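This briefing sets out selected local features of the structure shown below. The points are grouped by topic and are meant to be read alongside the model.

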Amino acid sequence: MTLKRILAAFTLLLAPTLAFAHPGHGDNGLIAGLGHPIGGLDHLLAMLAVGLWAAQQQGAARWALPCTFVGAMLAGGLLGFEGFGLPALEGGIAASVLALGLAVALAVRPPLSLAMAATALFALFHGVAHGLELPDMSSPWAYAAGFVAATAALHGLGFALVRVLPRAAAPWVRLAGAASAAAGVWLLAG
């Protein structure tokens, strides 16, 4: 499948989500959950970076990093549903954008346990933020299903971009990581 087809399919998949990401459509939370990771630059960049970084890895890390992120994010979401916050929540999310962007830019391959621990920590911040922003009158489970599905799709898109592009495009992937890291610095400063 060509990159153009992947991007077109992803755009079609998310078009309804973007149109209905604002409240007032009477949904049960699924649409809001789908829209949350896509609607914020910080979440969008971090989740794409996880997919990009996973694709730069070898062996089990290719699947372990996205799965770790989704699992820890869901755990964080459940904590957020209960009103549990983390200190420096927005700073932690911005730091995740910076760190994951740097990981992609430098194509680092740390030991799997370290990569999974860092990924889980970053995901916990994102998940708590998602959970704390549960819309009124929404089912937490439908909302969680939405943000998990959108996150997995963003990871998949990042992964597919690296795997489909020819090796000659590796500098572009690293440049995308550097741009994400720069956005993380901007978010931390803001």
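**Gln-57 and its polar contacts**

A polar atom in the side chain of Gln-57 lies 3.2 Å from the backbone oxygen of Trp-53. The model is a predicted one, and this contact is the starting point for the features grouped below.

- Gln-57 is placed in the loop between α3 (41-56) and α4 (61-81).
- The side chain of Gln-57 also reaches the backbone oxygen of Val-108, at a distance of 3.0 Å.
- Gln-57 counts as buried because its relative accessibility is 4%, below the 20% limit for that class.
- In summary, a buried loop residue has side-chain contacts to the backbone oxygens of Trp-53 and Val-108.

**Met-73 in helix α4**

- Helix α4 holds Met-73.
- The relative accessible area of Met-73 is 0%, so this residue is classed as buried.
- Although Met-73 and His-126 are 53 residues apart along the chain, their C-alpha atoms are separated by 6.1 Å.

- Most residues other than glycine have a negative phi.
- Ala-88 has a phi near 55°, a positive value in a residue that is not glycine.
- The position of Ala-88 is in the loop between α4 and α5 (89-106).
- With a relative accessibility of 58%, Ala-88 counts as exposed, because the class begins over 50%.
- Ala-107, likewise not a glycine, has a positive phi of about 50°.
- Ala-107 is located in the loop between α5 and α6 (112-132).
- The relative accessibility of Ala-107 is 22%, and the residue therefore counts as partly exposed.

**A positive surface patch**

- Four arginines, namely Arg-109, Arg-163, Arg-167 and Arg-174, form a positive surface patch.
- One of these residues, Arg-167, is found in the loop between α7 (140-164) and α8 (170-189).
- Arg-167 counts as exposed because its relative accessibility is 78%.

**Burial and exposure in review**

- Which class applies to Met-73, buried or exposed? Met-73 is buried, at 0% relative accessible area.
- Which class applies to Arg-167, buried or exposed? Arg-167 is exposed, at 78% relative accessibility.

Methods
Residues are numbered from 1 along each chain as its sequence is written. This is a predicted model: local features need pLDDT of at least 70, side-chain atom pairs count only at pLDDT 80 or more; totals for chains, interfaces and linings use all residues. Side-chain values use heavy atoms; hydrogens and water are left out. Patches are made of residues with over 30% relative accessible area and no salt bridge: like charges are joined within 9 Å, nonpolar side chains (Val, Leu, Ile, Met, Phe, Trp, Tyr) within 5 Å. Accessible areas come from the Shrake-Rupley method with a 1.4 Å probe; for residues, only the protein chains shown count as cover. A salt bridge is a side-chain nitrogen of Lys or Arg within 4 Å of a carboxyl oxygen of Asp or Glu. Lys and Arg count as positive and Asp and Glu as negative; His and the chain ends are not counted. The place of a charge is taken as NZ of Lys, CZ of Arg, CG of Asp or CD of Glu. Helices (H or I, at least four residues) and strands (E, at least two) are DSSP runs, numbered from the N terminus. Buried means under 20% relative accessible area, exposed over 50%, partly exposed in between (1.4 Å probe, protein chains only). A polar contact is a pair of N or O atoms within 3.5 Å; within protein, one must be able to donate a hydrogen and the other to accept it, and residues adjacent in sequence count only if both atoms are side-chain atoms.
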